[in-house]
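Please read them with the coordinates open.

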Amino acid sequence: AGGLHYYSGFTACDNAGAQPRLTAGTTATDIYRPVLYFDIRDIPVGAAVSTATLSLWNDTPPSWAPTVRVHRLTADWEEGTGVGAGTCTGDGATWYETVSGIDWAAAGGDFDPAVEASVTKQANGPPVWDAFTITPLVQKWVNTEEPNYGVLVKVSDETMVAGRTFSYASDDYSEAIALRPKLTVAWAEPTQVVKPTVSIS
């Protein structure tokens, strides 16, 4: 997991690859977009995916009611080891680069504009799991129809307004490992084709 951070007036070089929380939303000067990757190579190619749910623990709920969207990333990227704003480790994805020295095609991450799943949150609600159903996307990954570069998470309205941020537990969240991001997938093994046999006597 990591985080892409836009800072108005500056070229932000920080990545959130080692942060315990992933920030989403905006401030008056910033935009935040979490990015996540899950290794699904244990699922056989051609398996029939019945359900795939991305679950993110929102431990600091928003003060407003944003719609949070999941998009398919279309370029490879590196997680990095950055912690906190201003930590320019040069080894992971930033708003401008997939990894040090390699730019995104478009600043802010290369992603399919089609929305894979969305959740509309409650203003000032309790901590909660946000569940995004991304079954069709995972099926494409399993079928190798699309490369698995993971997903980008963003609010639908990124107008820069103060106080419109919230956070999800990351894969470095240490307060409770069980609250780290999850991709839960149910699938059936691909059908085996049995060739006919001939016996001659």
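1. The protein exposes about 10,000 Å², of which carbon and sulfur atoms supply 53%. Accessible areas come from the Shrake-Rupley method with a 1.4 Å probe, and for residues only the protein chains shown count as cover. Of the 201 residues, 44% count as buried; buried means under 20% relative accessible area, exposed over 50%, and partly exposed in between (1.4 Å probe, protein chains only).

2. On provenance: this is a predicted model, in which local features need pLDDT of at least 70 and side-chain atom pairs count only at pLDDT 80 or more, while totals for chains, interfaces and linings use all residues. Residues are numbered from 1 along each chain as its sequence is written, and side-chain values use heavy atoms, with hydrogens and water left out.

3. The protein has one helix and 12 strands. Helices (H or I, at least four residues) and strands (E, at least two) are DSSP runs, numbered from the N terminus. Along the sequence the pattern is β-β-β-β-β-β-β-β-β-α-β-β-β. The C-alpha atoms fill a box of roughly 85 × 40 × 30 Å along the principal axes. Among contacts (heavy atoms within 4.5 Å) between residues at least 6 apart in sequence, 79% join residues at least 24 apart.

4. How many residues of helix α1 are buried? In α1 (residues 135–142) six of the eight are, so the helix is largely enclosed by the rest of the structure. The buried residues are T135, L137, V138, Q139, W141 and V142. Their cover includes β4 (48–60), β5, β9 (128–133), β10 (151–155) and β12 (182–188).

5. Two residues other than glycine have a positive phi to check. T144 follows α1 and lies in the loop between α1 and β10; the phi of T144 is near 60°, and T144 is exposed, with a relative accessible area of 57%. N124 sits in the loop between β8 and β9, has a phi near 55°, and counts as exposed at 60% relative accessibility.

6. A search of the whole structure finds five aromatic pairs. Rings of Phe, Tyr and Trp (its six-membered ring) pair if their centres lie within 6.5 Å; planes under 30 degrees apart count as stacked, over 60 as edge-to-face and the rest as tilted. The Y6 and W95 rings have centres 5.5 Å apart and planes at 50°, so this pair is tilted. The pair links distant parts of the chain, 89 residues apart: Y6 is in strand β1 (residues 2–7), and W95 is in the loop between β5 (67–72) and β6 (97–99). Y6 is partly exposed at 23% relative accessible area, whereas W95 counts as buried at 7%.

7. The rings of Y7 and F10 have centres 4.9 Å apart and planes at 25°, so they are stacked. Y7 is partly exposed at 33% relative accessibility, and F10 is exposed at 53%. Ring pairs also link W64, F166 and Y168 into a cluster.

8. What lines the largest pocket? The lining consists of A1, Y37, D76, W77, E78, E79, N148 and Y149, which divide into four nonpolar, one polar and three charged residues. Ala, Val, Leu, Ile, Met, Phe, Trp, Tyr, Cys and Pro count as nonpolar, Asp, Glu, Lys and Arg as charged, and the others, Gly among them, as polar. The volume is about 160 Å³. A pocket here is an open set of points on a 1 Å grid over the protein atoms alone where a 1.4 Å probe fits, with protein on both sides within 12 Å along at least five of seven lines; lining residues have an atom within 4 Å of a point. Grid points are joined across faces, edges and corners, and a volume is the space filled by probe spheres set on the points.

9. T98 lies in strand β6 and counts as buried at 6% relative accessibility. Leaving out residues up to four places away in sequence, T98 touches D76, W77, E78, G92, A93, D103 and W104. Among these contacts of T98, D76, W77 and E78 also line the largest pocket.

10. A105 is in the loop between β7 (102–103) and β8 (117–120) and counts as exposed at 78% relative accessibility. A105 and V138 are 33 residues apart in sequence and 24 Å apart in space, C-alpha to C-alpha; V138 is one of the buried residues of α1.
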